[in-house]
Amino acid sequence: MLKDKLEILFNALNTKAREIAEYTNMGVTNISRLKSGARTPNPNSTTVDKLTDGIILYCKKENKTDVLRTVIKTDSEELKEPLKKWLFPKEKVIDTTSFPSKLNAVMILTDTSNKELAQSINLDASYISRIRSGNRILKPSSPLYEAISHALFAKAVDKNLIEEIKALIEYRDAGDDESIYYSFKNWLCHFQSEDEHIKRLLQSIDAVKLPQELPFDLSALDLSYSENERYINESGLQEAVLRFLTEVINSEAKEIYLYSDSSIDWMTKDKEYSAKWAYLMFRLVSKGIKIKIIHNIDRKISDMVNAVQSWLPLYMSCCIEPYYTNVKAGKRFSHTMFVCPDVACVSGFNPYGDTHTLYHYYTDKTEIAFGEYQFGALLKNSLTLVHMQKGSGKPNPNAYKQKSEFSNIEISIDSVSVTVTRTTEPKVSFVILNDLLCNSIRAYCTNTYKRLQSSD
């Protein structure tokens, strides 16, 4: 154990926690907790980096480097990695395909016993034991996934182990505890159904066509609309959007802003209307008009995949800037807001789940400017979902290419993003920046790689 290794090392160096603390920027209390076994950090955490750097610096300042080399049994000039391996000699790579192995790792990290976890979620300790051993397999829909995740994350917060959790799940964003929790839960509870969502997304990118290749019978499309100030309900919104997109196309507009957390049935339910909408959107991007859209997605892989997949043909134009907001959606009212600066603004809201809505169509400059302001305020609390660029993009020297089962795409993975690049026309690179989606793709690629290896 770490505490035993530190005891051996401190005795050999004839030093105390207070002396080492001066070189680690950690504080005497933290060093003492490590030395007593009250805290056992992840080997890849910043805590261990600070500890090992401090020990090495102390030895150099006190001319005890040779003693350190003797204790950890190395002749290497570089001391950090040999020291870490000596301090954590039996650390194993966690099997990311197995819920029990990940559960074990987190319970060890947080020093949580079967009894303690069982009591926190009202179960018997023997039931937790069976889950950890793999003798009890939970259904994908089981509420215990949420309960276990919440209990263990709360324990990590209580024991000041968030940095260790971030290292364990390879979380690189500077997010708050809530964002880290959702990534932690996704990592811990990742199972086959999420792989299916990721596979569906990658298949779509592998097979996607350019917008102009999509078939439309233009002669059958009735693009007429009435010029009203108000439009009622679903059919009214359809007409307002036809007017909005047509006026944008006929203007000198450079970009538009789209947001709605209402149902998209108005756009997808009627195939004839869907064709009208798609045709106008393709005309829009063919003019090079930029579209900033804040997708209405929760912290679910299925939501993110559906958002990307439904807009994928338009994404190929590289005129779309997709975002997702990190502000929780309310359950009182739903809002719709489509804005084109200096041209028009469609705005409406309704009680959550109710379809009876009044949509206003504004052409007044003041009203449009206010719509711009509202969208901008929401955009400040939004993050980029995917960044598209034509061609293969600039190679990332820190990324590694993942073996793929698809014929038209390459997948490159680094610590902060996943890039999916089409190797055949149309050549477009999709740089995925959402941490939750990146982790799911990494997990999918790991599972796929193991499957492909076993079949070779």
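A residue is called buried here when its relative accessible area is under 20%, exposed when that area is over 50%, and partly exposed in between, with a 1.4 Å probe and protein chains only. By that criterion, buried residues make up 48% of the 456 residues in the chain. The model is a predicted one, in which local features need pLDDT of at least 70 and side-chain atom pairs count only at pLDDT 80 or more, while totals for chains, interfaces and linings use all residues. Residues are numbered from 1 along each chain as its sequence is written, and side-chain values use heavy atoms, with hydrogens and water left out.

The chain holds 19 helices and 13 strands, where helices (H or I, at least four residues) and strands (E, at least two) are DSSP runs numbered from the N terminus. Of the contacts in the chain with a separation of 6 or more, 68% are between residues 24 or more positions apart, contact meaning heavy atoms within 4.5 Å.

Asn63, which follows H4, has a positive phi near 55°.

One of these covering helices, H2 (residues 17–24), packs against H4 at an angle of about 105°, with the two axes 8 Å apart; axes are lines fitted to C-alpha atoms, for helices over the stretch in contact, and angles run from 0 to 180 degrees between N-to-C directions. That angle makes H2 roughly perpendicular to H4, given that 65 to 115 degrees counts as roughly perpendicular, under 35 as roughly parallel, over 145 as roughly antiparallel and the rest as oblique. On the H2 side, the contact is made by Glu19, Ile20, Tyr23 and Thr24, which meet Lys50, Leu51, Gly54, Ile55, Leu57, Tyr58 and Lys61 in H4. These residues divide into 6 nonpolar, 2 polar and 3 charged, where Ala, Val, Leu, Ile, Met, Phe, Trp, Tyr, Cys and Pro count as nonpolar, Asp, Glu, Lys and Arg as charged, and the others, Gly among them, as polar.

S5 (residues 333–340) is in turn joined by 8 bridges to S6 (residues 344–351), to which it runs antiparallel, with Thr336 having Gly348 of S6 as its bridge partner. The hairpin of S5 and S6 has 3 residues between the strands, and Asp342 in it takes a positive phi near 70°. S6 also runs antiparallel to S7 (residues 358–362), with 5 bridges joining them, and the partner of Cys345 in S7 is Tyr362. The hairpin of S6 and S7 has 6 residues between the strands, and Gly353 in its turn has a positive phi of about 85°.

Asn350 belongs to S6 and is buried, with a relative accessible area of 5%. Beyond its neighbours within four places in sequence, Asn350 is in contact with Ser262, Arg332, Phe333, Ser334, His356 and Thr357.

Finally, S13 (residues 428–432) has 5 of its 5 residues buried, with Val428, Phe430 and Ile432 on one side and Ser429 and Val431 on the other. S13 is joined to S9 (residues 386–390) by 5 antiparallel bridges, and pairs with S12 (residues 418–422) in the antiparallel sense over 4 bridges. Val431 in S13 stands opposite His387 and also opposite Thr419, and a hairpin of 5 residues joins S12 to S13.

Conventions: Pairing = 2+ DSSP bridges.
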